[in-house]
Amino acid sequence: MSAKAISEQTGKEFLYKYICTSAAVQNRFRYATVTTETEWDRLTQEHPWLLTERLVVKPDQLIKRRGKLGLVGIDLDLQGVREWLKARHMKETTVGKAKGVLKNFLIEPFVPHTQEEEFYVCIYATREGDHVLFHHEGGVEVGDVDAKAQRLMVAVDDKLSEDQVTEQLLTHVPEDKKEVLASFIVGLFNLYEDLYFTYLEINPLVVNQDGGVFVLDMAAKIDATADYICKAKWGDVEFPPPFGREAYPEEAYIADLDAKSGASLKLTLLNPRGRIWTMVAGGGASVVYSDTICDLGGVDELANYGEYSGAPSEQQTYDYAKTILSLMTREKHPEGKVLIIGGSIANFTNVAATFKGIVRAIKDYQGPLKENEVTIFVRRGGPNYQEGLRVMGEVGKTTGIPIHVFGTETHMTAIVGMALGHREIPNQPPMDAHTANFLLNASNSAMTPATTRTASFSEPRTSNDITPAKKSKAGLPAASTPHFSLFLSLCLCLLPPSAKATTLFRKQTKAIVWGMQTRAVQGMLDFDYVCSRDEPSVAAMVYPFTGDHKQKFYWGHKEILLPVYKNMADAMKKHTEVDVLISFASLRSAFDSTMEAMQYSQIHTIAIIAEGIPEAQTRRMIKMADEKGVTIIGPATVGGIKPGCFKIGNTGGMLDNILASKLYRPGSVAYVSRSGGMSNELNNIISRTTDGVYEGVAIGGDRYPGSTFMDHVLRYQDTPGIQMIVVLGEIGGTEEYKICQGIREGRITKPVVCWCIGTCATMFASEVQFGHAGACANQASETAVAKNQALRDAGAYVPKSFDELGDVIKTVYDELVANGTIIPAQEVPPPTVPMDYSWARELGLIRKPASFMTSICDERGQELIYAGMPITEVFKEEMGLGGVLGLLWFQRRLPRYACQFIEMCLMVTADHGPAVSGAHNTIVCARAGKDLISSLTSGLLTIGDRFGGALDAAAKQFSKAFDSGMLPMEFVNKMKKDGKLIMGIGHRVKSINNPDMRVQILKDFVKQHFTSTQLLDYALDVEKITTSKKPNLILNVDGFIGVAFVDLLRTCGGFTRDEADEFVEIGALNGIFVLGRSMGFIGHYLDQKRLKQGLYRHPWDDISYVLPEHMSM
């Protein structure tokens, strides 16, 4: 959502900080807030003027008309303020239909003034520009300002001048105040623009005799999507909830998840004690479900409104679901509770992945869910939905929770009637099974199938009962002739700059895709192939973050390459046939890329997918599009589809849904909706009740979509192949009234079936912002109820509810068939398309042996897992480096003393000076200018039996001798007889008289903590024998770690004897030295770089130069 109300304090703070005007704005920053936590002594210290001035006090909780409600205390001293607050603070108050507790108050200096000094000013945004309203009589009794105020509209990109304000707004203002007011209003307007306000009202604005300006009461909304632009000035803005609704920590938690995610996660608590809870996928669908619940009498029991959409991950869905399950299981309801997990047919969200997150949450809360007698109803469609429904059904069986599962064969909102007892629950609901019906073509032909029919699936027949289509605004003929497409193509080049095409997409339409959206592009190519297009609809891609290159895609059975360009200019220059841009640019870059695209005259249509583009930027794009004759679909949309011709990005979902909804060939029905998810639901409804879709567009959920309902309805009216029109409107805005006008004036003659979602809004006590930014009524005429009635009165076909939408569509269609307007044609089977390997595997249709196997780590989920343990648990348990090494090397959790021993081994082996071969090599490499990795590797490559690699060898030698029952003396004698060194025995410097303290430290720890040290004791006995011969033949640190580790593996209780021996055999112990010594080698590398040592050359006097033996003789 974009426009959000801010508190009066926040609004005034912005004004006082950033307004630029010659008017003398008084009482800047002189306000104090009172909450439940306020300490009066501290408050008066921070604001000493509270003790000396007369004061005004009022609640600051988004309450309108506070003066008329008696919620303003005027001309009081501080004691009077406290007494006034005592009677109201934390008291429940009714404002309209909303009941709420007064918690937050604002105290300001009282400004004595006369009625003649009060004025009214308001600025608000519309599609065309910003309206400035001014009335010379402000205050509590201002009345109907819309009717009384002077108004001035500042068009998008235009500036407001003081002369304009004086001439058009201040006609009834005394001359001595015009200059002050004009300067203030211009400054206020500039502030409004700079800080991305969408609404700003001051009433009253006081200008006294001295020319001082006082902002007494203020109400404002800002465009929250502009946070990334205005963060430096806004700071951290708190958006208070509407009066009558509490701000719950769970709402803040979900809002935080939403802010950190590319998906959309919304939650509003309406009645935490209610028995009806929803978990709905999709902004439009969430409104439809709320409507249906309220229509069926559940408004008082509806606990929440919310939605999850935009392909959230399994973890994000889990976090969202567990929040709702936690809330709904806190308090029992005598009738039990119901959870409605609903949604439309997804375009691109992997339903199975999101359902796995919900299933995890259900398993975690299965006890509380059963205690609260919760029954769950599920309805969903979209990619991999069958698997999602299967796992949802399975969890019901395994947990014993009643879960009723339905797919696309069931009307979207039918589960609401079942949940509320108005509809019978089928025992075995029918299931559509069409996931894999687009596998390899039986002919095994790699050629593109023969072209199928491109005309409407239903042939239109001229009837005396139907008024022929009128000419479009562009002056294009409405006749349906075989040469119409050719004529249209030629005319597109001749249209005046401001005219927009009636036909946006044709069989030959070519597009450029902005963004590296390979999945969406492959979906478009698969659609092209199944529609029997001769060539792919995507000519190229633009992605500024890489150089020019080629990207591989599939065209049917064969692979093709599409060019990817770094900049748009190159793409446009090399692909002059392109007239459509599909922009997957982020909300931050969508504006710039769209404005750039409109500089190229070849572009006639732009689809903007991004959600969250600031409204001011959207309006600028719309203005340029109108000037250039470009049709914009979006922002915040999935796009649109023209069956048999072209589809935008992910519209229509995957091929199984394309085939199920018959989107591979045109029907006779065109639709336009705001919601992308609901557009796919309309595809489903229309395909089941008529001969199918001719064209469908989702204009997007923002307040100012690039193209409007009426734009597309008029196109459909002027398109011969379209025989009826379906419009899915929604609460907010007034676009639907233009359709009413078009029907009344005869401009729209084809049957229009229309339903506006959001009828539940009038039943809520407080304002609810629905999922779409534009889904909010600012006046009675913008409510869904009012618009549905207006459409019905105008002659549109309007059902009683969304539940009946399909029935009404079928009735109208059947009438058109009966009177001969539509003649259903014979179905033509589409060509088959091979399924992508990755998706086939996701659906479980194929299997393939993996190239690699791993059992120690899994990074695929939301959380990294080491040997089955999530990384958060690793830190929670404070396992340390030794514990992590145990998980990754030995695949199990080791005892605490074992982890400590590993860490001690790493510490004592970390370094042994620069003279040893490994450190020496590292230093030489570093001084030769090599990088860290090369220098480290050169040092590691010296590790072997002679340097550092004795751990494994010592462990093997001592273990073999001990296990065979050989006495220590026998072992020493045998090694001497075989002419072999005993690995782990001997040291160049240390001796029995100069012991290695590293060994002593480890020995003390091992003796204290290990349960058994049989092999270590055996090695120490060997040491006694060897040191008796030569004092430096001690058990060195390598040998000690080797034998001690064998004792650890054999006796800690975590390994079998075979497992312990296997780890020694495969070289795990040498890994201890390698890992430990790497720390030292890296230290030497950094030391040499820090000391800036030059290239190393070994001195001549340290080299013995000798001749070959035969020459010296």
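Student: Where in the chain is M90 found?

Tutor: The model is predicted: local features need pLDDT of at least 70, side-chain atom pairs count only at pLDDT 80 or more, and totals for chains, interfaces and linings use all residues. Residues are numbered from 1 along each chain as its sequence is written, and side-chain values use heavy atoms, with hydrogens and water left out. Helices (H or I, at least four residues) and strands (E, at least two) are DSSP runs, numbered from the N terminus. In these terms, M90 is found in the loop between α3 (78-86) and β6 (92-95).

Student: Is M90 buried, partly exposed or exposed?

Tutor: Buried means under 20% relative accessible area, exposed over 50%, and partly exposed in between, with a 1.4 Å probe and protein chains only. The relative accessible area of M90 is 40%, so the residue counts as partly exposed.

Student: Which residue is joined to P204 by a cis peptide bond?

Tutor: Most peptide bonds are trans. P204 belongs to strand β12 (residues 197-207). With omega at about 5°, the cis bond joins P204 to N203.

Student: What is omega for the cis peptide bond between G634 and P635?

Tutor: P635 is placed in the loop between β28 (631-633) and β29 (640-642). The bond that joins G634 and P635 is cis, and its omega is about 0°.

Student: With which residue does the side chain of H333 make a polar contact?

Tutor: H333 is in the loop between α10 (314-328) and β18 (337-341), and its relative accessible area of 14% means that H333 is buried. Contact means heavy atoms within 4.5 Å; leaving aside neighbours within four places in sequence, H333 is in contact with R273, R275 and E301. A polar contact is a pair of N or O atoms within 3.5 Å; within protein, one must be able to donate a hydrogen and the other to accept it, and residues adjacent in sequence count only if both atoms are side-chain atoms. At 3.4 Å, the side chain of H333 makes such a contact with the side chain of E301.

Student: How far apart are the end C-alpha atoms of helix α21?

Tutor: The expected span of a helix is 1.5 Å times one less than its number of residues. Helix α21 (residues 676-689) has 14 residues and should therefore span 20 Å. The model agrees, because the end C-alpha atoms of α21 are separated by 20 Å.

Student: How many of the residues of α21 are buried?

Tutor: At the start of α21, a side-chain oxygen of S675 comes to within 3.4 Å of the backbone nitrogen of G677. The buried residues of the helix include G676, M678, L682 and T689. Helix α21 is mostly covered, and of its 14 residues the number buried is 12.

Student: Which helix gives the most residues to the lining of the second largest pocket?

Tutor: On a 1 Å grid over the protein atoms alone, a cavity is a set of points where a 1.4 Å probe fits but cannot get out, and a pocket is an open set with protein on both sides within 12 Å along at least five of seven lines; lining residues have an atom within 4 Å of a point. The second largest pocket has 32 lining residues, with I985, G986, H987, R988 and N1036 nearest its centre. Helices α33 (968-977), α35 (1014-1029), α36 (1037-1051) and α38 (1068-1090) each supply at least two of the lining residues. With 3 residues, the helix that gives the most is α33.

Student: How much space lies in the second largest cavity?

Tutor: There are 3 cavities of 30 Å³ or more. Grid points are joined across faces, edges and corners, and a volume is the space filled by probe spheres set on the points. The second largest cavity is lined by 11 residues, with I345, G382, P383, D656 and N657 nearest its centre. The space in this cavity is about 50 Å³.
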